[in-house]
Amino acid sequence: MTVTRTETAARRRAPRPRADALRNRERIVAAAREMFVEFGPEVPLDEIARRAGVGNATLYRHFPDRDELIHHVVVSVMSRTTDQAEAATAEEADAFDALRRFVHAAADERIGALCPMLSGAFDKEHPELLAARNRLEGAVDGLMERARRFGRLRDDVAVGDLLVGLSQLTRPLPGSACMHFDQFVHRHLQIFLDGLEAPARSVLPGSPATLEDLRREA
């Protein structure tokens, strides 16, 4: 395929996002991620703009509506959390240490922001969202299977159990007065992890929560 001089010139003239515009976009997504965890996905957009340190017009220029912003927050959280899972797998020799590191890192990435948003009306079948979800699920499943193979993870838990536990333990009730909630998160996650480690100390009721179970509930 031959690229003409006209096409090359047109590509060079195509505007690229300015560095300050990219920074503003990242600040908006970061602020939305935090506030969705704290107050739920219906938090006023002007409050998100205020926390991000930008004007309302800047927010709407990047994200014309709430669903567009939610989509980008979900994809960002999934991508960053997957990066943490892959890093833990690559860098930790002990299989359960890798799982433990991932769980605490996922909390810091605000993975709890995913739960209320995935019940919204936005497009859950968007190709970008599906790709991010599949990558995350594969990375977490790999972490758990490795720990299970080495006898470090109890046999009666599945990926869904881990993701639900993470989402429940890393977010306060929306609109609650838990202003210092973060100081308890890692403590409670460690209690949760102790319950996941083999040998099991009790018999769990019901059956392991699979990814298919979570999708049916969404």
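The model is predicted, so local features need pLDDT of at least 70 and side-chain atom pairs count only at pLDDT 80 or more, while totals for chains, interfaces and linings use all residues. Residues are numbered from 1 along each chain as its sequence is written, and side-chain values use heavy atoms, with hydrogens and water left out.

- Let's start with α2 (residues 19-39) and α5 (residues 66-91), whose axes come within 10 Å and cross at roughly 85°.
- Helices here are DSSP runs of H or I with at least four residues, numbered from the N terminus.
- The axes are lines fitted to C-alpha atoms over the stretch in contact, and angles run from 0 to 180 degrees between N-to-C directions.
- On the α2 side, the contact (heavy atoms within 4.5 Å) is made by Arg25, Ile28, Val29, Ala32, Arg33 and Phe36.
- On the α5 side, Leu69, Ile70, His72, Val73, Ser76, Val77 and Arg80 take part.
- Sort the residues of this contact by type and you get eight nonpolar, two polar and three charged (Ala, Val, Leu, Ile, Met, Phe, Trp, Tyr, Cys and Pro count as nonpolar, Asp, Glu, Lys and Arg as charged, and the others, Gly among them, as polar).

**Thr81, in α5**

- Thr81 sits in helix α5 and counts as buried because its relative accessible area is 0% (buried means under 20%, with a 1.4 Å probe and protein chains only).
- The side chain of Thr81 reaches the backbone oxygen of Val77 at 2.7 Å.
- Not counting residues up to four places away in sequence, Thr81 touches Phe102, Ala106, Glu109, Ile111 and Leu136.

**Leu163, in α9**

- Leu163 belongs to helix α9 and is buried, since its relative accessibility is 16%.
- Leu163 and Ala106 are 57 residues apart in sequence, and their C-alpha atoms are 9.8 Å apart in space.
- Beyond neighbours within four places in sequence, Leu163 is in contact with Ile111, Val140, Leu211 and Leu214.

**Arg154, in a loop**

- You'll find Arg154 in the loop between α8 (127-149) and α9 (159-169).
- Arg154 counts as buried because its relative accessibility is 5%.
- A polar atom of the Arg154 side chain lies 3.0 Å from the backbone oxygen of Gly195.
- Leaving aside neighbours within four places in sequence, Arg154 has contacts that include Arg148, Gly195, Glu197 and Leu204.

Technical notes. Helix = DSSP H or I, 4+ residues; strand = E, 2+ residues; numbered from the N terminus. Buried < 20%, exposed > 50% of the residue type's maximum accessible area, 1.4 Å probe, protein only. Polar contact = N/O pair within 3.5 Å; in protein donor to acceptor, adjacent residues only side chain to side chain.
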